[in-house]
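User: I would like to go through this model with you. Could we begin with the overall picture and then turn to the interior?

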Amino acid sequence: MTNQVNIAGQLYPASGLTLPDRGFRDDWLAPDADGIVLINWDSALPKYKTDMKTKVDSDAETYRLNFITAGDGMAMTYREKFEQAKSANAAGQVEVDALYAATGIATYPTLAASVGIEAATIWDVAQLVIGKAEAWADLSYLIEKSRLSGKAAIDAATTDVEVRAAYDAVTWG
């Protein structure tokens with residue numbers, strides 16, 4: 001058995017050979033019957049694209065976490081606060097401010113938890129939450145636009161070098 005590597009049809013001795021970092025994994029390299037390692041960039045390209053799109057998704061989540069708290073429970077809390085804030089906003093400040101403490105807690109429990117910490121009243125907390133939700137919607141748009149555009153560029157790439165360039169071109173901030 002020889003110990004060679006076939007790169008784009010050219011044989012190279014495997015000892016001391018440093019392959020370029022093209023983002024490919026070791027399981028895409030396999031020796032043939034003669035011990036020649038075949039690197040088939042074309043057959044690896046679809047998997048490479050999938051891996052890089054997964055990395056774009058992961059990067060988007062990492063960037064999001066600069067602005068929100070991670071966790072499914074926290075996401076549920078954000079959603080609940082927003083729903084309660086919309087309900088309080090629809091009811092109006094006079095009605096919300098007229099609630100007794102116990103009634104306010106029963107009606108808007110997740111908002112009431114923030115009273116005295118994030119704002120002075122349930123109404124004020126509701127307005128704060130609505131403002132944060134609007135700001136998040138703007139930021140979320142930018143993140144999602146970058147994420148989807150990056151994945152589309154990766155899909156459109158026809159070589160591994162283009163895939164890497166498409167990934168590297170994704171910006172988050």
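This is a predicted model: local features need pLDDT of at least 70, side-chain atom pairs count only at pLDDT 80 or more; totals for chains, interfaces and linings use all residues.

User: What share of the 173 residues is buried?

Analyst: Buried residues make up 30% of the chain.

User: Which residues have the most contacts inside the largest nonpolar core?

Analyst: They are M52, V56, I143, I154, V163 and W172, in a core of 15 residues. Helices α1, α6 and α7 are the elements that give two or more residues to this core, and α1 gives the most, with 6 residues.

User: What is V163 in contact with, leaving aside its neighbours within four places in sequence?

Analyst: V163 is then in contact with L45, Y48, K49, M52, I154 and A157. There is also a second, separate core of 13 residues, which includes Y108, L111, A112 and V129.

User: K49 is on that list of contacts. Is K49 buried or exposed?

Analyst: K49, which lies in helix α1, has a relative accessibility of 15%, so this lysine counts as buried; the cut-off for buried is under 20%. Leaving aside neighbours within four places in sequence, K49 is in contact with I154, D155, A157 and V163.

User: How many residues apart along the chain are K49 and I154?

Analyst: They are 105 residues apart along the chain, while their C-alpha atoms are separated by 6.2 Å.

User: Back to α7. Which of its residues are buried?

Analyst: In helix α7, residues 160-168, the buried residues are D160, V163, A166 and Y167. Seen down the axis of α7, they fall within an arc of 120°, so they line one face of the helix.

User: Why would such a spacing put residues on one side?

Analyst: An α-helix has 3.6 residues a turn, so residues three or four places apart point the same way.

User: Changing topic: what volume does the largest pocket have?

Analyst: Its volume is about 650 Å³. The elements that give two or more residues to the pocket's lining are α1 (41-64), α2 (72-91) and α6 (122-156).

User: Which residues lie nearest the centre of the pocket?

Analyst: I68, Y78, K132, A133 and W136 lie nearest the centre, out of 19 lining residues. By class, the lining has 11 nonpolar, 2 polar and 6 charged residues.

Notes
Residues are numbered from 1 along each chain as its sequence is written. Side-chain values use heavy atoms; hydrogens and water are left out. On a 1 Å grid over the protein atoms alone, a cavity is a set of points where a 1.4 Å probe fits but cannot get out, and a pocket is an open set with protein on both sides within 12 Å along at least five of seven lines; lining residues have an atom within 4 Å of a point. Grid points are joined across faces, edges and corners, and a volume is the space filled by probe spheres set on the points. Helices (H or I, at least four residues) and strands (E, at least two) are DSSP runs, numbered from the N terminus. Ala, Val, Leu, Ile, Met, Phe, Trp, Tyr, Cys and Pro count as nonpolar, Asp, Glu, Lys and Arg as charged, and the others, Gly among them, as polar. Buried means under 20% relative accessible area, exposed over 50%, partly exposed in between (1.4 Å probe, protein chains only). The arc is that of the directions from the helix axis to the C-beta atoms. A nonpolar core is a set of buried Ala, Val, Leu, Ile, Met, Phe, Trp, Tyr and Cys residues joined through side-chain atoms within 4.5 Å. Contact means heavy atoms within 4.5 Å.
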